[in-house]
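Take a look at the model below. A few questions and answers follow.

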Amino acid sequence: REVEQARFRGEECDAGVEREELRTCSEKECPVNTGLIVGSLVSITVLVLVFAVVFFFLKKRTQQVAKTETMQMNQNVLKKGELLKDKIVALAENTDALKEEFKTLDNLVKEEITDTMFESKLENNRNHNRYKDIVPYDGKFVTLNTPTGNPPTTYLNATLIKFENTKNTFIATQAPKPNSFQNFW
């Protein structure tokens, strides 16, 4: 065995084998370590996949931050203060700014919101919606304990809303239709 190793390295050995130049060997003389090759390929594949996943998430995160910043730039935020009334009047008169903010919100919803609205379109619930295109998302509407209204249902066209940095939860809804009055009271 020592002779074979020395021969492969091109060294002289005790058996009197002269130095040889590097040479190719047959499979029997130099067996291929398939485990090493497979292990290396698997390791490289795993590393490439990890880098791809990290790259994907970083890219997605960057896009989300950019969208959030764009949306924040287009928001007309009104804060409590002495000039609140004047700011409301000025904003109400600036219809271009309001249209732009509405367009930004509309695009954001189309791109980001994937929730469904099947419950609001069920036959018993549909009659309780004031408008066909303004309905709560499934799983986010207010549910009554007892079916009421005409037709009776536990569905209420109202959504619970929780804002960041507030303790309160709010309910957003529309004025009820006559067949839904008892659902609200």
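Q: How many cavities of 30 Å³ or more does the count come to?
A: This is a predicted model. A cavity is a set of points where a 1.4 Å probe fits but cannot get out. With the cut-off at 30 Å³ or more, the count comes to one cavity.

Q: How much space lies in the largest cavity?
A: Rolling a probe the size of a water molecule over the atoms shows where empty space is left. For the largest cavity, that space is about 70 Å³.

Q: Which residues lie nearest the centre of the largest cavity?
A: The lining of the largest cavity has 13 residues. Those nearest its centre are H128, N157, P176, S180 and F184.

Q: Which element gives the largest share of the lining of the largest cavity?
A: Two elements, β2 (153–162) and α6 (181–184), each supply at least two lining residues. The largest share is three residues, and it comes from β2.

Q: What separates D106 and K110 along helix α4?
A: The side chains of D106 and K110 meet in a salt bridge, 3.2 Å from N to O. D106 is partly exposed at 31% relative accessible area, while K110 counts as exposed at 62%. Both sit in helix α4 (residues 95–112), four residues apart, so the separation is about one helical turn.

Q: How many residues apart in sequence are the parts that K140 and D115 tie together?
A: The K140 and D115 side chains form a salt bridge at 2.5 Å, N to O. K140 lies in the loop between α5 (123–126) and β1 (141–148), and D115 in the loop between α4 and α5, so the parts tied together are 25 residues apart.

Q: Are K140 and D115 buried, partly exposed or exposed?
A: K140 comes to 41%. D115 comes to 31%. Each therefore counts as partly exposed.

Q: Which residues make the nonpolar surface patch of about 510 Å²?
A: One of its members, V38, has its place in helix α2 (residues 34–74). The patch is made by V38, V42, V46, V50, V54 and L58.

Q: What percentage of the residues of the protein chain count as buried?
A: The accessible surface comes to about 15,500 Å², with 58% belonging to carbon and sulfur atoms. Buried means under 20% relative accessible area. Of the 185 residues, the buried part is 15%.

Q: What pattern does the protein chain follow along the sequence?
A: The chain has six helices and three strands. Read along the sequence, the pattern is α-α-α-α-α-β-β-β-α.

Conventions: Residues are numbered from 1 along each chain as its sequence is written. This is a predicted model: local features need pLDDT of at least 70, side-chain atom pairs count only at pLDDT 80 or more; totals for chains, interfaces and linings use all residues. Side-chain values use heavy atoms; hydrogens and water are left out. Buried means under 20% relative accessible area, exposed over 50%, partly exposed in between (1.4 Å probe, protein chains only). Accessible areas come from the Shrake-Rupley method with a 1.4 Å probe; for residues, only the protein chains shown count as cover. Patches are made of residues with over 30% relative accessible area and no salt bridge: like charges are joined within 9 Å, nonpolar side chains (Val, Leu, Ile, Met, Phe, Trp, Tyr) within 5 Å. A salt bridge is a side-chain nitrogen of Lys or Arg within 4 Å of a carboxyl oxygen of Asp or Glu. On a 1 Å grid over the protein atoms alone, a cavity is a set of points where a 1.4 Å probe fits but cannot get out, and a pocket is an open set with protein on both sides within 12 Å along at least five of seven lines; lining residues have an atom within 4 Å of a point. Grid points are joined across faces, edges and corners, and a volume is the space filled by probe spheres set on the points.
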